[in-house]
Amino acid sequence: MLRATHFPPIASPTLLVLRKCFIPILSVSSFPSYPLHNLSSFSAFHSFFSPSRPSLPSLSLTQFSPMLGHPHLRLSASFNSESSYGDNREILVQHLLLKEDDEKLLLELQQRIAGGEDLSDLAVEYSICPSKQEGGMLGWVRKGQMVPEFEEAAFCAPLNKVVKCKTNFGWHLLQVLSEREESLLKDIQPEEFHAKMQDPSFIEEAQLIDVREPEEVSQASLPGFQVLPLRQFGSWGPEITSKFDPTKDTYVLCHHGMRSLQVAKWLQTQGFRKIFNISGGIHAYATKVDPSVPTY
């Protein structure tokens, strides 16, 4: 059964480093000036995810539970049994991980699930994956993020049916709870963004987020942006989907395009459908488009 507290999972804006290790850790020493505090990683990305995506020097990652509210609050849900999105889809997955030699327990749990027990409850009790703290919830994932065996099983699984697969990490019982069209995250060049800004309706309709610190914004800023300083993530992160509409086009700005990319990737995990990272940040905008904007 899908836990209500997993809609949507709240997590920190990291680059979602996908490596074959239980808890992905990045060193803050390579980027000592920002930020000064540790941010938590999105709990959906654990040991069996693919290492294919490169990481940028940035944040220290620690295990974080996105569970909010009462831990036993549940939400029953039913979904269509056939996909309407083809290959361009994301799936919401929960799973349970057992050691390779625990085949007797694997069979027992399969029988208990067939008898009506819930995979998330069994994950809390038996799973050896850190996601057990969230009932085995892995969140929304796309192709290319998981090791091949898990990806093949997950993307071929019928909705709500518990299936098993084996990876380097052991036996998995997994369940796909929902699916949706894959979200869009892309860079937008300063020149293209400037052209959009000339249309008065653009500023009214688009969502513009500046993740720089107040002292930076005081030196240089663009009209229409709402300032959400990354260092203050703890105050605005949990309310992001109430302050902004995930269905609207969202543009993210920082100084050079690095912090904004982190936040843009995080916004994807929160269900935002179209996110644009302003390439090169306000510095590139000032040097390439509008010299009246100060540089710093």
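**Exercise 1.** In this predicted model, work out how strands β7 and β8 run relative to each other and how many bridges join them.

*Solution.* Start with the pairing: β7 and strand β8 (residues 170–181) run antiparallel and are joined by 6 bridges.

**Exercise 2.** Sort the residues of strand β7 (residues 162–167) into a covered and an uncovered face.

*Solution.* Now apply it to β7: Val163, Cys165 and Thr167 make up the covered face, while Val162, Lys164 and Lys166 lie on the uncovered one.

**Exercise 3.** Which residue meets arginine 89 in a salt bridge, and are the two residues buried or exposed?

*Solution.* The partner is glutamate 179, with an N to O distance of 2.9 Å. Arginine 89 belongs to strand β5 (residues 89–98) and glutamate 179 to strand β8, so this pair links distant parts of the chain, 90 residues apart. As for accessibility, arginine 89 and glutamate 179 are both buried.

**Exercise 4.** Explain what the salt bridge between glutamate 90 and arginine 273 ties together.

*Solution.* First, the contact: the two side chains meet at 3.9 Å, N to O. Glutamate 90 lies in strand β5 and arginine 273 in the loop between α9 (258–269) and β13 (274–278), so the pair ties together parts 183 residues apart in sequence. Glutamate 90 is buried, at 1% relative accessible area, whereas arginine 273 is partly exposed, at 22%. Finally, widen the view: Glu90 and Arg273 are linked with Arg142 and Arg180 in a network of salt bridges.

How values were computed. Residues are numbered from 1 along each chain as its sequence is written. This is a predicted model: local features need pLDDT of at least 70, side-chain atom pairs count only at pLDDT 80 or more; totals for chains, interfaces and linings use all residues. Side-chain values use heavy atoms; hydrogens and water are left out. Buried means under 20% relative accessible area, exposed over 50%, partly exposed in between (1.4 Å probe, protein chains only). Helices (H or I, at least four residues) and strands (E, at least two) are DSSP runs, numbered from the N terminus. Two strands pair if DSSP finds at least two bridges between them. A salt bridge is a side-chain nitrogen of Lys or Arg within 4 Å of a carboxyl oxygen of Asp or Glu.
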